[in-house]
Protein chains: 2
Amino acid sequence: MADHPVRADAPGDSAGGRHRVVIVGGGFAGLYAARKLGRDPAVEVTLIDRRNYHLFQPLLYQVATGALSPGDIAQPLRAILRRNKNTRVVLGEAVGLDPVDRRVALSDGGTVDYDTLLVATGARHAYFGHDEWATLAPGLKTIEDATEIRRRILIAYEAAEREADPLRRAEWMTFVVVGGGPTGVELAGALGEISRDTLRRDFRSIRPADARVLLVEALDRVLPTYPESLSQSAGRQLERLGVTVRTGTKVTDIDESGIAVVVQTDGTERTERIPTRTVLWAAGVQASSFGRRVAEALGVETKVDRAGRVPVDADLTVPGHPEVMILGDLAIAKRQGGKPVPGVAPAAIQEGTYAADSILRRVRGQTPEPFRYRDKGDVAVIGRLSGVADIRWLGRFGRRSGFLAWGMWLGVHIVYLIGFANRLVVIIRWAWSFLTHGRGTRLITGEPHLPPIKQPEHLD
Amino acid sequence: MADHPVRADAPGDSAGGRHRVVIVGGGFAGLYAARKLGRDPAVEVTLIDRRNYHLFQPLLYQVATGALSPGDIAQPLRAILRRNKNTRVVLGEAVGLDPVDRRVALSDGGTVDYDTLLVATGARHAYFGHDEWATLAPGLKTIEDATEIRRRILIAYEAAEREADPLRRAEWMTFVVVGGGPTGVELAGALGEISRDTLRRDFRSIRPADARVLLVEALDRVLPTYPESLSQSAGRQLERLGVTVRTGTKVTDIDESGIAVVVQTDGTERTERIPTRTVLWAAGVQASSFGRRVAEALGVETKVDRAGRVPVDADLTVPGHPEVMILGDLAIAKRQGGKPVPGVAPAAIQEGTYAADSILRRVRGQTPEPFRYRDKGDVAVIGRLSGVADIRWLGRFGRRSGFLAWGMWLGVHIVYLIGFANRLVVIIRWAWSFLTHGRGTRLITGEPHLPPIKQPEHLD
């Protein structure tokens, strides 16, 4: 085989002069680029992903909290792109880049050649230099993260039900979410709802409504990217679900039975320990490892922000490398006026679509326009009939909280969910949960690993 | 705590003279017993399970083949039994039995006291003394088994797509199912459909329809519990889906790249090797380990059958122990006439309901009738619009194959599925799969562990 310099199935073989586009990452940016490119005979597309599915990340917290199944929010990439005859899906992990030969290296030794490379490998959660917290406070980026968080939440209630010691029982019934951005707010809201509503009648020794849910945020308000009034409203809606919102509170340590925080009030600082067995991490992201390797290979400075994301030009290409575009959460793209494009799904979708357009224009000898981010606004759900929305093109009128925001959130998420069957299934699960106050998919999967529970022994 | 001889949350504390029923296992038998007992104030019920959900096992093969999500066929036990105020659900693993003190020991050191014990911990698959085959040929009893089988099937096609060597590619595209009972037939049929239909347009280097699916059965026909004519029909329907049915073929060895079999034809034997990377195990069961411990503690002979199941009296109690009943797949119950009750879901449901009735009668000083198995017949699905059914109370007229059997199968499985939302979701997924020939939940979850694929290297 060594005398074949190019893999039998590499796009280069059959391109026949067609422009070879390689997309790394099948998230929103990568998938929308692939979809748009996939019907144009002028290009040949290879989409590389470590996973065989596209994941609808905005609903991942609903898997983590038992409202949806993983299969409801994931769709196989091959199924989505099956009609695109010019598109090949490769299940593999991109680990290296040779920018001179224009070639991506996979972890299994294979390679894929490109004429244009789209890097859309996103971001993972970051622990700000405390990697040892990863096992103590799981973050929420993958399906495995979501089922692990679901397992921890459910096991905590099971352990509390069987724990005789009141102090240890209280530890099991304390849930801490670190990070007051949209994911943290949505997770904390769902945890509040689970304790007050979903599990109300499920236990015999504990009252789930006695659970404490804390949302810990270092800044002085939750949802810091929203207008101040909506942050306040979100805080009030969370408190109504029984969530204690602790702003100005920074986590300094995490161990198996609690967290240590520094609380800032009016210029003074004090430390505090919060006993808990369940800490969920919704704070901070960092660039994916392939993203960092790409930046290194291309000689791009990634110290621009703490997350190590990659700065791009107005056309989303890497400075000095018009054949490499960075898309989605991995990119630091600038809007007109210089403000950064936010790391949200609509931005990734717009960037993916733009990248495809831009490539097709270049292939036809035209010059692409710069990327123009259309800010449609933000919406976050907090619980049953509550949420906040900031639809910016409506100005002040677009700032909504409560029922209206909740309704908008439902609509937007159903419309963008990929796969018609998934949409129907999600609608049914939501309708059913709404009517019955239930969450049907609260399964503890994987080996249960029951925690050691202190109780009197009885048999030898 | 040591001065409390009984756990704070043990039923004994609050029973107040009520009859304490402990059920180990939340499968069909245990759950149906709990449901029936759960509204009677004369008893207090504790249901112990290692899992927090009831699993609808007859549809597990559909999770393994990507047609349904785990959450579609599992329902939290607490949710099912939440209205039963006299019922406590314990997430725990029963590991020991003290028949003198009438006490079940849990793996975490806790204990639960009983007046009547129902043991319904079912069976696991058995490898006939070849436990080393377990990792090479996964069986199908749990959700984890199902997602592992799904992962192997999907990874095999992914590996084939990228494999340059034709022989190794053929190994990846050969799927062997061992065991021609209902699970084996349903798995093989689904594998045939996946290769011929579901994945038809998904790949670029391979034709999924070239996949070989083999169903290997040691006896001389598949579905040996069905009438001969239906076995023949099932064989023909499988062949139509591209499945090669190999009866009279016994597996003698399994390794990473193939299986060895002994083929018996007309009294002669020959050995053969079948190269394959994916072997699925649907042959043989053995009693659960708690079941075996119960038999040992009660001094019951379990060498009656190879599976180590526990023989019971006509009222499903253990001989000499009227306070212990064995239900479901773990029991060897006899019908009137002496034939054994089969290890199928309807039998387990009937036994669970009977056990509850029987306990309630005894508590009221009445004598229970012996268990009477109502054989409603068998139905197995093979693929789109095909299957076999043997509805015995209809006699010869009840022997059906093809479309009618398939329709019956659909109806029965929807009716018995627990949880209204699950029913709707399953109907939608099935309708959608039927219309689009797709299977929406074919996700490779867990760490992908891509197999080493032989391909030329390209980068250093």
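## Ground rules

This is a predicted model, so to speak of local features we need pLDDT of at least 70, and side-chain atom pairs count only at pLDDT 80 or more, while totals for chains, interfaces and linings use all residues. Residues are numbered from 1 along each chain as its sequence is written, and chains are lettered from A and ligands numbered from 1 in the order in which they are written.

## Chain A overall

Chain A has 12 helices and 25 strands; here helices (H or I, at least four residues) and strands (E, at least two) are DSSP runs, numbered from the N terminus. Its C-alpha trace spans about 75 × 60 × 45 Å along the principal axes.

Of the 460 residues in chain A, 53% are buried. A residue is buried if 20 or more other C-beta atoms lie within 10 Å of its own, exposed if 12 or fewer, and partly exposed in between, with C-beta atoms placed from the backbone. Among contacts in chain A with a separation of 6 or more, 64% come from residues 24 or more positions apart. Contact means that the C-beta atoms of two residues, placed from the backbone, lie within 7 Å.

## Two domains in chain A

Where they meet, 12 residues of domain 1 of chain A are in contact with 16 residues of domain 2 of chain A. On the domain 1 side, helix 3 (60-64) and strand 10 (123-125) of chain A are the elements that give two or more residues. Helix 3 of chain A gives the most, with 4 residues. By class, this side has 8 nonpolar, 3 polar and 1 charged residues. For the classes, Ala, Val, Leu, Ile, Met, Phe, Trp, Tyr, Cys and Pro count as nonpolar, Asp, Glu, Lys and Arg as charged, and the others, Gly among them, as polar.

## A buried strand and a loop proline

Strand 5 (residues 87-91) of chain A has 5 of its 5 residues buried, so it is largely enclosed by the rest of the structure. In a regular strand the side chains alternate between the two faces of the sheet. Both faces of strand 5 of chain A are covered, with Thr87(A), Val89(A) and Leu91(A) buried on one side and Arg88(A) and Val90(A) buried on the other. Strand 5 of chain A pairs with strand 2 (residues 43-49) of chain A in the parallel sense over 5 bridges; strands pair if DSSP finds at least two bridges between them. Arg88(A) is the bridge partner of Thr46(A).

Pro342(A) sits in the loop between strand 22 (331-332) and helix 10 (345-363) of chain A. Pro342(A) is partly exposed, with 16 other C-beta atoms within 10 Å. Leaving out residues up to four places away in sequence, Pro342(A) touches Thr225(A) and Ala347(A). Pro342(A) and Thr225(A) are 117 residues apart in sequence, but 9.3 Å apart in space, C-alpha to C-alpha.

## A parallel sheet in chain B

Over in chain B, an open sheet of 4 strands runs in the order 13-12-11-17, with parallel pairing. Strand 13 (243-246) and strand 17 (278-281) of chain B are at the edges with a single partner strand each, so one side of each lacks a neighbour in the sheet. The twist averages 20 degrees from one strand to the next; axes are lines fitted to C-alpha atoms, for helices over the stretch in contact, and angles run from 0 to 180 degrees between N-to-C directions.

Strand 11 (residues 174-178) of chain B is joined to strand 17 of chain B by 4 bridges, and Val177(B) stands opposite Leu280(B). Helix 7 (residues 182-198) of chain B packs on the sheet, touching strand 11, strand 12 (212-216), strand 13 and strand 17 of chain B.

## Positive phi in chain B

Phe128(B), although not a glycine, has a positive phi of about 50 degrees. Phe128(B) is exposed, with 12 other C-beta atoms within 10 Å.
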